[in-house]
Amino acid sequence: MRSHHPVLIAGATALALVTAATGLQHESVAAAAAAYEEVKGWPSLPAGVQMGEAAGVAVDINGHVMVFHRPGGGFDPASTEPLKDPAVLEIDPESGRLIHSWGANTFLVPHGITVDRANNVFLTDVALHQVFKFSHDGKLLFSVGEPRVGKWDATHFNQPTDIAIRADGSFYVSDGYVNSRVAIFDSHGTWTREWGKKGAGPGEFSNPHGLAFVTGNTDVIVADRENSRLQLFDRTGAFKREWSGAKDAATTGRVFSVAAGADGSLYVGIRRADYDTAHTGVLKLDRDWKIVAAVGFDRPGDPVFNAVHDLAVGLDGSIYVAETRTKRVVKLRPMAKAAPPEARQGDAAR
């Protein structure tokens, strides 16, 4: 990871992901607060480029932020008209400047985006019912699924949502709004196995909407959206555990996205209902899946989130939050922790 020395700057609003009991009713909350600042005015797109519904966000091997958005479109799985403007934006993480864009006249309803270790870009389109692998500059390498044909079998999807990619190039697909499974494919896009069915029991799904791998092992985490939970599986789909937060807590709701940090922390996107700002935001869980931080949820000084849809973690620990309805990506940058009072007193004595 690259190191940063965050400072408050003009146009950035300081905020704390508070770990006190306030707003985290009934949750066991650990340790000290983690402070972030919202970077106002990020990204800074050129005139003529307007962010559409931001469905997916990822970070490439250079730390660049990759956004999969819906310029001029929305969530309409019956859509047949390709989006005429580029749907993939590559953005500088510091300046917010647009580096490159591609994918014009290609996609119907953009959804998930993931970048592999070779900087290839994997995408899902819920109206095309397909998963794509592109080179970093937008050359199609392969696709899986039949365009505009939704089914449940080894060569079809039905509104697939997200992708997670192993070091060997094999990948997992959460499938999705209609199907209720996680399917595994080899590096060439050939189906190898799957698990899941519609339901609310262990290993069952109601819109598996996001995927991540646990840092340091091969386990798979699924954001089981309409069941308002995370589910943890081993690499072949054997159920291990679930997390759904505390009943009636402000931070409990539908789980749209999950991302893993380098230290094993999990970042979770919560949206109980559209425009329900009091129950929409980002949680940080420690390795024991306990809430250690939260941002949003109508906390004073925090960004107001309406439609959290996807998350990504930058090389410097920044959190990128993609929202659909509000058509934006919010950057939350970590701030240096303040020294404890006793340390400051010692400095003053010297």
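## Overall architecture

Of the protein's 350 residues, 56% count as buried. The coordinates are those of a predicted model. Its secondary structure comprises 1 helix and 25 strands.

Among contacts with a separation of 6 or more, 48% join residues 24 or more positions apart.

## Confidence

The average pLDDT of the protein is 89, and 86% of the residues score at least 70. Over residues 1-33, however, the pLDDT is below 50, although this stretch has 92 contacts in the model beyond near neighbours in sequence.

A further stretch, residues 338-350, also stays under 50 in pLDDT. For residues 338-350 the model has 2 contacts beyond four places in sequence.

## The largest pocket

The volume of the largest pocket is about 1100 Å³. Its lining is made up of 36 residues, and V59, T114, V115, I165 and A260 are the ones that lie nearest the pocket centre. By residue class, the lining divides into 23 nonpolar, 7 polar and 6 charged residues.

At least two lining residues come from each of β3 (53-59), β7 (110-115), β11 (160-165), β15 (208-213), β19 (255-260) and β23 (308-313).

Definitions and conventions: Residues numbered from 1 in each chain as written. Predicted model: local features only at pLDDT ≥ 70, side-chain atom pairs only at ≥ 80, totals over all residues. Heavy atoms only, no water. pLDDT = per-residue confidence, 0-100. Contact = heavy atoms within 4.5 Å. 1 Å grid on protein atoms, 1.4 Å probe; cavity = no way out; pocket = protein on both sides within 12 Å on 5 of 7 lines; lining within 4 Å. Points joined across faces, edges and corners; volume = space filled by probe spheres on them. Helix = DSSP H or I, 4+ residues; strand = E, 2+ residues; numbered from the N terminus. Nonpolar A, V, L, I, M, F, W, Y, C, P; charged D, E, K, R; others polar. Buried < 20%, exposed > 50% of the residue type's maximum accessible area, 1.4 Å probe, protein only.
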